[in-house]
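Me: Could you walk me through how to read a few features of this structure? I would like the general idea each time, and then the case at hand.

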Amino acid sequence: MHEPTFPDLPIYSEHTRFEVDRAIGRTLFACDLSECHGACCTMPADAGAPILESEIPELERVFPIVKKYLSEDSLATIEGEGVWRREKDGSVTIPAIRGRDCIFVTYEDGSPTAHCAIEKAYRAGEIEGFPKPISCHLFPIRIYPKGSSFEIVYESIPECKGGRARGKKEKIPLVDFLESPLVRALGEERVKKLRDALGE
Ligand code: SF4
């Protein structure tokens, strides 16, 4: 098993201020790909997954390595648009194929389930330090800018119905299931404080 290496922990500096949605502490959740088939990577939307400015060079670094996992459609979209794009509001996103599949989606052996090609390469030890963009890693937790601070929220979408059912059945708290991306985003100390604040 490839060990995680996140050299620039935490992504959000120690001076960042956060507000936390208390629903995060009450939610039981564990993704169930057999139910959703990786719907969060293929949902129709005006814009693809949001990324941080600091992730632009990471996407450019990993693209030549993950290229072999991508479809002709992905490669054609990347040829036209690149691996990231600037939205009108200044934010940065990952392009999607005809407003649906993320350009980094990969399917295995005719399976209908979408996987992230970056994560696949990371798990195979082909890339280091970047398992996937933090917004994808954290989903269905989202971190939104809010004035001079940020808001940490749980985004409950119908596509995650199977994830909620599995979390409830197996009694897995959302913060446990997403411990690794939370630590990547906030650092261990702040994840401990987050758990305390949520009353665990
Ligand atoms: S976040 Fe939701 S849609 Fe995405 S893989 Fe998990 S359960 Fe499926």
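Reply: We will go through the ligand shell, some salt bridges and a pocket. This is a predicted model, where local features need pLDDT of at least 70 and side-chain atom pairs count only at pLDDT 80 or more, while totals for chains, interfaces and linings use all residues. Residues are numbered from 1 along each chain as its sequence is written, and side-chain values use heavy atoms, with hydrogens and water left out.

Me: Which residues surround the ligand?

Reply: A residue counts as near a molecule if one of its heavy atoms lies within 4 Å of it. Here the ligand is surrounded by Phe 29, Cys 31, Leu 33, Cys 36, Cys 40, Phe 139 and Cys 160. For classes, Ala, Val, Leu, Ile, Met, Phe, Trp, Tyr, Cys and Pro are nonpolar, Asp, Glu, Lys and Arg are charged, and the others, Gly among them, are polar. The shell has 7 nonpolar, no polar and no charged residues.

Me: How many salt bridges does the structure hold?

Reply: A salt bridge is a side-chain nitrogen of Lys or Arg within 4 Å of a carboxyl oxygen of Asp or Glu. The structure holds 17 of them. In one, the closest N and O atoms of Arg 61 and Glu 58 are 2.7 Å apart. These two are 3 residues apart in helix H3 (residues 56–66), so about one helical turn separates them. Helices (H or I, at least four residues) and strands (E, at least two) are DSSP runs, numbered from the N terminus.

Me: Where do Glu 179 and Arg 195 lie?

Reply: Their side chains meet in a salt bridge (2.5 Å, N to O). Glu 179 is in helix H9 (residues 179–186) and Arg 195 in helix H10 (residues 188–197), so the pair ties together parts that are 16 residues apart in sequence.

Me: Is Arg 195 buried or exposed?

Reply: Buried means under 20% relative accessible area, exposed over 50%, and partly exposed in between (1.4 Å probe, protein chains only). Arg 195 is buried at 17%, whereas Glu 179 is partly exposed at 31%.

Me: What volume does the second largest pocket have?

Reply: On a 1 Å grid over the protein atoms alone, a pocket is an open set of points where a 1.4 Å probe fits, with protein on both sides within 12 Å along at least five of seven lines; lining residues have an atom within 4 Å of a point. Points are joined across faces, edges and corners, and the volume is the space filled by probe spheres set on them. Here that gives about 350 Å³. Among its 17 lining residues, Pro 50, Ile 51, Leu 52, Ile 143 and Pro 145 are the closest to its centre.
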